[in-house]
Amino acid sequence: MPSIDETKAFVPLNIAVLTVSDTRSLADDKSGTTLAERLTAAGHKLGAREIVTDDVEAIRALVKKWIADAGIDVVITTGGTGFTGRDVTPEAVEPLFEKRMDGFSIAFHMLSHAKIGTSTIQSRATAGTAGSTLIFCLPGSPGACRDGWDGILAPQLDYRTRPCNFVEIMPRLDEHLRRPKAKGASA
């Protein structure tokens with residue numbers, strides 16, 4: 001079972017929250033607020049918070065901006081992961097992934113199934129890395145955001161979590177971009 005190593009110091013991350021919705025504003029964005037409140041209560045910093053419509057290019061442009069921002073460590077999106085015609089978050093974000101995090105979707109569906117049963121199959125929750133940025137896409141309900149944060153993200157974004165966590169490998173996420181090509185390499 002995972003545990004917290006109290007001998008290690010907590011490392012606060014800068015986390016951006018993106019709500020994907022055609023109908024929400026900051027005043028009534030319960031899912032984005034749930035994530036913002038939970039991450040700050042855990043000791044992290046809300047690096048940015050935005051709402052964009054269910055538009056592939058708008059979503060992708062903002063996530064790309066945050067990936068390029070050295071001040072943002074993690075991006076969490078909420079909304080747009082279902083199957084309706086408007087749900088396009090995975091289509092917008094997954095092409096940006098350099099590495100896909102298949103285990104996130106599996107873990108999310110396991111947590112979700114325990115609470116909502118087979119209805120969990122209506123979510124396309126996804127995650128991956130781009131450069132040195134971790135990206136997590138959650139469904140657009142406060143309950144899904146609570147489950148995703150409490151059950152997966154909070155421990156994995158805590159440097160003290162054992163046996164392993166994402167914070168300890170973050171400095172190495174972009175090493176493939178920094179590695180010089182070998183002499184004579186053609187690719």
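**Helix 5 and its surroundings**

Tutor: Happy to. Helix 1 and helix 5 pack with their axes 8 Å apart, at an angle of about 25 degrees. Angles under 35 degrees count as roughly parallel, and helix 1 and helix 5 are therefore roughly parallel to each other. Their crossing is right-handed. Please keep in mind that this is a predicted model.

On the side of helix 1, the contact is made by Lys30, Ser31, Thr34, Leu35, Arg38 and Leu39, while helix 5 brings Pro142, Cys145, Arg146, Trp149 and Asp150. Sorted by class, this contact has 5 nonpolar, 2 polar and 4 charged residues.

Now let us look at the sheet beside these helices. It is an open sheet of 6 strands in the order 3-2-4-7-6-5, and its pairing is mixed. Strand 3 (45-52) and strand 5 (99-100) are the edge strands, each pairing on one side only. Strands of a sheet pair through backbone hydrogen bonds, either parallel or antiparallel. Strand 2 (residues 14-20) pairs with strand 4 (residues 74-78) in the parallel sense, over 5 bridges.

Helix 1 (residues 30-41) lies across strand 2, strand 3, strand 4 and strand 7 (133-138), and runs at about 175 degrees to strand 3.

Helix 5 has another helix to pack with. Helix 4 (residues 102-116) meets helix 5 at an angle of about 120 degrees, with their axes 10 Å apart. That angle makes helix 4 oblique to helix 5. The crossing of helix 4 and helix 5 is right-handed. Phe104, Ala107, Phe108, Leu111 and Lys115 of helix 4 make the contact with Ala144, Asp147, Gly148, Gly151, Ile152 and Leu153 of helix 5. The residues of this contact divide into 7 nonpolar, 2 polar and 2 charged.

Phenylalanine 104 and phenylalanine 108 both lie in helix 4, 4 residues apart, which is about one turn of the helix. A search of the whole structure finds 3 aromatic pairs. In the pair of phenylalanine 104 and phenylalanine 108, the ring centres are 6.4 Å apart and the planes are at 25 degrees, so the pair is stacked.

Finally, let us follow the chain past helix 5. The peptide bond from arginine 162 to proline 163 is cis, with omega near 15 degrees. Most peptide bonds are trans. Proline 163 lies in the loop between strand 8 (161-162) and helix 6 (175-178). Arginine 178 is found in helix 6. From proline 155, arginine 178 is 23 residues away in sequence and 28 Å away in space, C-alpha to C-alpha. Leaving aside neighbours within four places in sequence, arginine 178 is in contact with Pro171 and Arg172.

Methods: Residues are numbered from 1 along each chain as its sequence is written. This is a predicted model: local features need pLDDT of at least 70, side-chain atom pairs count only at pLDDT 80 or more; totals for chains, interfaces and linings use all residues. Side-chain values use heavy atoms; hydrogens and water are left out. Two strands pair if DSSP finds at least two bridges between them. Helices (H or I, at least four residues) and strands (E, at least two) are DSSP runs, numbered from the N terminus. Contact means heavy atoms within 4.5 Å. Axes are lines fitted to C-alpha atoms, for helices over the stretch in contact, and angles run from 0 to 180 degrees between N-to-C directions. Angles under 35 degrees count as roughly parallel, over 145 as roughly antiparallel, 65 to 115 as roughly perpendicular and the rest as oblique. A crossing is left-handed if the near helix is turned anticlockwise from the far one by less than a right angle, and right-handed if clockwise. Ala, Val, Leu, Ile, Met, Phe, Trp, Tyr, Cys and Pro count as nonpolar, Asp, Glu, Lys and Arg as charged, and the others, Gly among them, as polar. Rings of Phe, Tyr and Trp (its six-membered ring) pair if their centres lie within 6.5 Å; planes under 30 degrees apart count as stacked, over 60 as edge-to-face and the rest as tilted.
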